[in-house]
Each structure stands twice: as C-alpha cells, then as structure tokens.
Amino acid sequence: MRIIPFATVTSTQDIAKSFIANREELVIWAKEQKRGRGRFEREWYSPPGGLYFSLLLFPRSSEILTIHLKLFWATIKGIKDLVNLLPFFKWPNDIVYDGKKLGGILLEMEKDAIIAGCGINVNNEIFPEYIKDAISLKSLLKREIPIEELLQSIIARFQNCPNFATILSEIRKRNFLKGKYIVLNSHRRRIKGTAMDIDEEGRLILQKEEGGLLTLSSGEIEKVYEYK
Ligand code: BTN
C-alpha cells in the first residue's frame, strides 16, 4: 500500500476520504493533526511526536466486520516487531499498556470505503490535564522511537495478516478486560458485569451482574475493577 505523508493536516480521516474517487487503497500519514478526532466526535490530541494514520480500504462486504480486529492485531504486532512490547486490546477500540491508553482506532464508512484511523502516542510524553491515563511508547521505553519505521512495521503486518482465526485467538490473549468486573454504557444503558471474551465480530461478551450473558457491539467503558 502506498503511504502518502503529510506534515500537518486537519484529520487524516478527512484526507483519506478525499482520495475515495481514485479507488486506490492507501495510507494517509501525518506528523500532526489540528483536528484529530476520536470516537463520539471527541478531540484526539495530535501533537508532533505521535503516529497518526488512516487506511483507505475498499473491502468486500464479508471483510467489513473483521477490519477493526485486523488493524488492531497489525498495530500491536507492528509495535512488538519494532520495540518488543506487546500492548493489550481494551474493547472496543483502545490500545493499552499497564492499563494506560497508548492509542486508539476509529472506523468510519463513506460510500463503499472504510477509513480506518489509528493514533498512537509515540514520542509525545506530555498530555493536557483533561486526558486521563494516557501513556506513550517513549515514556514506557525511555527512548525515542522512529515513527516512520513504526508505521511501516504496522502496515507490513496489516498486509500480511494470518487467517482470521489466528488473529482472533491472539487478540483474545491480549484482551485487557478479560475476567474484570466493569461498568459500561451502551445505548444509553449503564451495565455492570464481568467481561468474558471477544467474539468473532469483535463484540464483547459480558456476564451480567444480575445473571445472563450479553453480547455488545458498541459501548463505552466507564470503570474497570481488578476484582469485584
Ligand atoms: C479513539 O480512541 O477514540 C480513536 C482515536 C483515533 C485517532 C486516529 S489518529 C489518525 C486518525 N485521524 C483522526 O482524526 N482520528 C484517527
């Protein structure tokens, strides 16, 4: 996949969308974003030193449900290949280490394209007050990380994914929430229970506090307890 680099953009998601008409799958990479966004239209703090990229993809309909987990898998493996640290998947879209947020993934659709964005805190170590529990690779590893090599390492993994069963089993092993008692919000409901597993569509399987299993395709984690 061709990587198109930019110095400063509003959001790599928007730049990727502007390439849809060309029908070429590619990677939009920026050193800095002025209006980076996360889920729920929240701001994604994007100073120089982080890695910000969006994949423009034209998947077959059967592939759509797996893209999120594939990109997640490629990201944690790409990080591991370059710096020997294997992060965790915190459902639904966080990349975490030591329980702190290293990065996140955002999927958007436009026409028949999927724009899969990923932001990782790499060499940026200082976060504004309103960002809680963030961490960067540099703070974890105590050294500067080559950002372009990290991007290449992630893209190489994305283009050489193993079969989906392998991806799912490896992601399940890095499921940060597994076995933890959590409080989450989904479709305006506040739900409590124990996170059990991730299913083959990337949904969270939750053992409800009041009994019974729930399979959630979206939601936001409010609190995580180590033990109930
Ligand atoms: C989240 O955790 O809410 C997802 C964050 C996704 C951020 C990335 S950075 C590259 C791409 N461009 C954006 O504006 N957002 C995504």
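This is a predicted model: local features need pLDDT of at least 70, side-chain atom pairs count only at pLDDT 80 or more; totals for chains, interfaces and linings use all residues.
A nitrogen atom of the ligand lies 3.0 Å from an N or O atom in the side chain of Thr-12. In one, a ligand oxygen is 2.7 Å from a side-chain N or O atom of Ser-11. In the other, a ligand oxygen is 2.7 Å from an N or O atom in the side chain of Lys-101.

Let me turn to the shell as a whole. How many residues surround the ligand? There are 21, and the closest are Ser-11, Gln-33, Arg-37, Arg-39 and Lys-101. Divided by class, the shell holds 11 polar, 6 nonpolar and 4 charged residues.

Which elements of secondary structure supply these residues? At least two each come from α1, residues 12-17, from β3, residues 51-57, from β6, residues 100-110, and from β7, residues 113-120. Of the elements, β6 gives the most, with 4 residues.

Next, the pockets. The ligand is located in the largest pocket, which holds about 1,100 Å³ of space. Its lining comprises 44 residues, and those nearest the centre of the pocket are Arg-42, Trp-44, Asp-94, Lys-101 and Lys-132.

The lining of the largest pocket draws at least two residues from each of α1, β3, β5 (94-97), β6, β7 and β12 (220-225). By class, this lining has 17 nonpolar, 14 charged and 13 polar residues.

Finally, the second largest pocket. What is its volume? The value is about 480 Å³. Here 21 residues form the lining, with His-68, Pro-92, Leu-107, Glu-201 and Ser-217 lying nearest the centre. Both α2, residues 67-83, and β6 supply at least two residues of this lining, and β6 provides the largest share, 5 residues. The classes are 11 nonpolar, 6 polar and 4 charged.

To close, I would draw attention to β6. This strand gives the most to the shell around the ligand, supplies at least two residues of the lining of the largest pocket, and contributes the largest share of the lining of the second largest pocket.

Notes. Residues are numbered from 1 along each chain as its sequence is written. Side-chain values use heavy atoms; hydrogens and water are left out. A residue is near a molecule or strand if one of its heavy atoms lies within 4 Å of it. A polar contact is a pair of N or O atoms within 3.5 Å; within protein, one must be able to donate a hydrogen and the other to accept it, and residues adjacent in sequence count only if both atoms are side-chain atoms. On a 1 Å grid over the protein atoms alone, a cavity is a set of points where a 1.4 Å probe fits but cannot get out, and a pocket is an open set with protein on both sides within 12 Å along at least five of seven lines; lining residues have an atom within 4 Å of a point. A molecule sits in a cavity or pocket if more than half of its atoms lie within 2 Å of its grid points. Ala, Val, Leu, Ile, Met, Phe, Trp, Tyr, Cys and Pro count as nonpolar, Asp, Glu, Lys and Arg as charged, and the others, Gly among them, as polar. Grid points are joined across faces, edges and corners, and a volume is the space filled by probe spheres set on the points.
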